[in-house]
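Subject: Structure for you to look at

Hi,

Here is the structure I promised to pass on, with some notes on what turned up in it. Have a look at it first, then read on.

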Amino acid sequence: MSARVFFYVQHLLGIGHLRRAAIIAQALVRQGLNVSFISCGAPAGGLDFARSGIELVQLPPALSADAQFSAIHDEHGKPIDEGWRQRRKGLLLDAFAAIQPDLLLIEMFPFGRRQFAFELEPAMAKAKDMGVPIAVSLRDILVAKSNPARIAETVNRVNRFVDAVLVHGDPALIRLEATFPAAGDIKPPVVYTGYVAEAAERPATLPAEGEEVLVSVGGGAVGGPLLRAALAARPMTSLAGAPWRLIGGPNLPENEFAGLAANLPPGVSLERFRTDFRELLAGSRLSLSQAGYNTIMDILGAGARALVLPFAEGAESEQTLRARLLAARGLLSLAEPPFEPAPLASAIEGALARPRPGVGGIDCRGAEASARYLRRLLESAVPSGGRVRR
């Protein structure tokens, strides 16, 4: 099967959405599908699309102005305007026409990213006119919406355009209706795929626990406060003499990275990025991190002892809710803001006193399950002649 998938991804702040989508795209390639990955946010290092056989199409990026998502800016830091919107809509529709996809896969919209309806509704309408099936790739937990009109608008768009909603989570942990109460009004299938994690063999036995404390902040765009809090708490813990490794992430602002690097105490190292992050997790004494989707999947896959500090600024409740659910299962420890040195040091001691959880506990095979489902969706769209629709 040589079907073509047009995968639209708009990330605004961190790189979590981009990384999860890239993992799914890799699984689609393993299923024999051709993937055009339409990246609409800032380019991120560490993701080698060409090596995975994925065609990367980079549109002019849109970024959040701040951690509160108060405005959308272009790559020059200027607010997007109607002229920018029309230019990018034109580029997106031109790419769609050039690729002639057999499947349109959209990350988040219409459950999120409503600011980009100006280009996505025309693309979805074009797909419908061509008979191209449309699927939505959705994380397990949404930012709760209280405006009934917006909720109804979301349901209407799903029911008008979408053929399947793929929820990348385990319904045994949380269901879509927990954060989107109108889920029962959705007409197309809602498919729980399991959590999306990097493909990795799970060891029969965990590696020996080391002495290192691993402090990480995902992409790092909002990671500075956690890194500083960890350093301030370190002297108050029983691990003050242990080696600590800080991973700042590719998007930690350069001035923050430089400030940390210039004031590291003995026994502490600072890096931007590690390709062997999960291996470092598996051999650590303790992981201290934010609670983003991808970091949590790495923690669970590595069986690491972990203390998570969810990002919870503004209306962001996703990380806190997921972390609470997993802490209730004994799969990690949780510290909630404010992150002051003494309470954080106490939380670190509490996490150290708990047993190492090991691997397993929730379904983390979501990438392959998503790819298999989408392949079946494509096959159901193939006419009787047996060839993919063009």
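How many bridges join S10 to strand S13? There are four, and strands S10 and S13 (residues 286–289) run parallel. Two strands count as paired here if DSSP finds at least two bridges between them, and strands (E, at least two residues) and helices (H or I, at least four) are DSSP runs numbered from the N terminus.

Before going further, a word on the source. This is a predicted model, in which local features need pLDDT of at least 70 and side-chain atom pairs count only at pLDDT 80 or more, while totals for chains, interfaces and linings use all residues. Residues are numbered from 1 along each chain as its sequence is written, and side-chain values use heavy atoms, with hydrogens and water left out.

Back to S10 (residues 213–216). This strand also pairs with S11 (residues 244–247), again in the parallel sense and over four bridges. Leu214 faces Ser287 in S13 and has Arg245 as its bridge partner in S11. Val213 and Val215 on one side of S10, and Leu214 and Ser216 on the other, are all buried (under 20% relative accessible area with a 1.4 Å probe, protein chains only; exposed is over 50%, and partly exposed lies in between). With helix H5 (residues 224–233), S10 and S11 form a right-handed β-α-β unit: with the strands pointing away from the viewer, the path from the first strand over the helix to the second runs clockwise.

Now the cores. The largest nonpolar core has 59 residues, and Phe7, Leu28, Phe37, Met297 and Leu374 touch the most other members. Helix H1 (residues 16–30) gives the most to this core, with eight residues. Another core, of 44 residues, lies apart from it and includes Leu59 and Ile106. A core here is a set of buried Ala, Val, Leu, Ile, Met, Phe, Trp, Tyr and Cys residues joined through side-chain atoms within 4.5 Å.

Ile23 sits in H1 and is buried, at 3% relative accessible area. Leaving aside neighbours within four places in sequence, Ile23 is in contact (heavy atoms within 4.5 Å) with Val196, Ala197, Glu198 and Ala367.

Finally, the cysteines: Cys40 is buried at 0% relative accessibility, and Cys364 is buried at 15%. Searching the whole structure gives zero disulfides (cysteine sulfur pairs within 2.5 Å).

Best wishes
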